[in-house]
Amino acid sequence: MRGLVLPCILGLVACSGAEPVQQSNEDMPTAQTAPQPAATSNMSSEGSASPTRGTAPSSPDQPLAATGWGPLRIGMSVAEVVAALGPDSNSGAVGGPDPEACDQFHPARAPEGLLVMIEDGKLTRISLIDGATLRTDRGLGVGDSKAKVVSTYGASADETPHKYEAAPAVYVTVWKAGGGTGDYVQNAAARGIVYEIGANGRVQAIHAGGPSIQYVEGCA
């Protein structure tokens, strides 16, 4: 009802201009509360929510795993990496001796200390280096002790000598799928994590992904 005067076609008010019939409160229909508009969201023309582009996901709840981190998955294309976290933050830097075959860089919107390795157009490795605050899916991060890494993984951890530093520097490798111990793993489907332990007995870098986690110097 739009006000106190009802249309004459309902027979409740004379159409001749006579005074309208007064209604008691009991006769008055209950006023309906207009529905409030729903909270606005970034919706596409089809009515589905459109994701906000260009925003890196929240990092504290997203640990690094052998298969990837956050929006990154080992095996995705370089175009997908760039769409997720932006292009190389330092495009003038050389990430490998042959960037077309292998390149390593820090995406513009990636957390500090995170590097991605691209081989033949595919993401093959994600690394955490000095300054990184991210941790792995076992709660380990750069700066943790070798003892903590070894005790966390137990018998599944494989230690090999460090190529450039004296003991206690080692590489602690843990394969999650398709890996092995001792020999160099070439299986493209293999997924694992390497903790690079420095001469001070602490983690100085972490590499997660495929066979390229075995590289000891960038793309080699």
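One definition before anything else: a residue is buried when its relative accessible area is under 20%, exposed when that area is over 50%, and partly exposed in between, using a 1.4 Å probe and protein chains only. This is a predicted model, so local features need pLDDT of at least 70 and side-chain atom pairs count only at pLDDT 80 or more, while totals for chains, interfaces and linings use all residues. Residues are numbered from 1 along each chain as its sequence is written, and side-chain values use heavy atoms, with hydrogens and water left out.

The overall layout comes next. The protein has 2 helices and 9 strands; these are DSSP runs numbered from the N terminus, with helices being H or I of at least four residues and strands being E of at least two. Read from the N terminus, the order is β-β-α-β-β-β-α-β-β-β-β. Of the 220 residues, 36% are buried. Contact here means heavy atoms within 4.5 Å. Among contacts with a separation of 6 or more, 46% are between residues 24 or more positions apart.

Now the interior. A nonpolar core is a set of buried Ala, Val, Leu, Ile, Met, Phe, Trp, Tyr and Cys residues joined through side-chain atoms within 4.5 Å. The largest one has 32 residues, and the members that touch the most others are Trp69, Leu72, Leu114, Leu123, Ile126, Tyr153 and Tyr195. Two or more residues come from each of helix H1 (78–85), strand E4 (114–119), strand E5 (122–128), helix H2 (146–153), strand E7 (170–177), strand E8 (191–197) and strand E9 (203–209). There is also a second, separate core of 6 residues, including Tyr171, Trp175, Ala190 and Ile213.

What does Leu72 contact, once neighbours within four places in sequence are set aside? The list is Thr67, Val81, Ala84, Leu85, Leu114, Val116, Leu123 and Ile126.

Thr173 is in strand E7 and is buried, at a relative accessible area of 12%. Beyond four places in sequence, Thr173 is in contact with Ser156, Ala157, Asp158, Ile193 and Val194.

On to the aromatics. Rings of Phe, Tyr and Trp (its six-membered ring) pair if their centres lie within 6.5 Å; planes under 30 degrees apart are stacked, over 60 edge-to-face, and the rest tilted. The whole structure has 1 aromatic pair. Tyr153 and Tyr195 form that pair, which is tilted, at 5.7 Å centre to centre and 50 degrees between the planes. Tyr153 belongs to helix H2 and Tyr195 to strand E8, 42 residues apart. Both tyrosines, Tyr153 and Tyr195, are buried.

Next, charges. Side chains of opposite charge can pair when their charged atoms come close. I count a salt bridge when a side-chain nitrogen of Lys or Arg is within 4 Å of a carboxyl oxygen of Asp or Glu. How many does the structure hold? There are 3 salt bridges.

Asp144 meets Arg135 at 2.6 Å, N to O, and Lys148 at 3.7 Å between the closest N and O atoms. Asp144 is buried at 12% relative accessibility, whereas Arg135 is partly exposed at 34% and Lys148 is partly exposed at 36%. The remaining bridge is between Glu159 and Lys146, with closest N and O atoms 3.1 Å apart. Glu159 lies in strand E6 (residues 158–161) and Lys146 in helix H2, 13 residues apart. Glu159 is partly exposed at 38%, and Lys146 is partly exposed at 22%. Through shared partners, Arg135, Asp144 and Lys148 make one network.

Last, the covalent link. A disulfide is counted for a pair of cysteine sulfur atoms within 2.5 Å, and the search finds 1. Cys102 and Cys219 form the disulfide, with sulfurs 2.1 Å apart. The Cys102–Cys219 link is left-handed, at -80 degrees about the S-S bond. Cys102 is in strand E3 (residues 102–105) and Cys219 in the segment after E9, 117 residues apart. Cys102 is buried at 8%, and Cys219 is buried at 16%.
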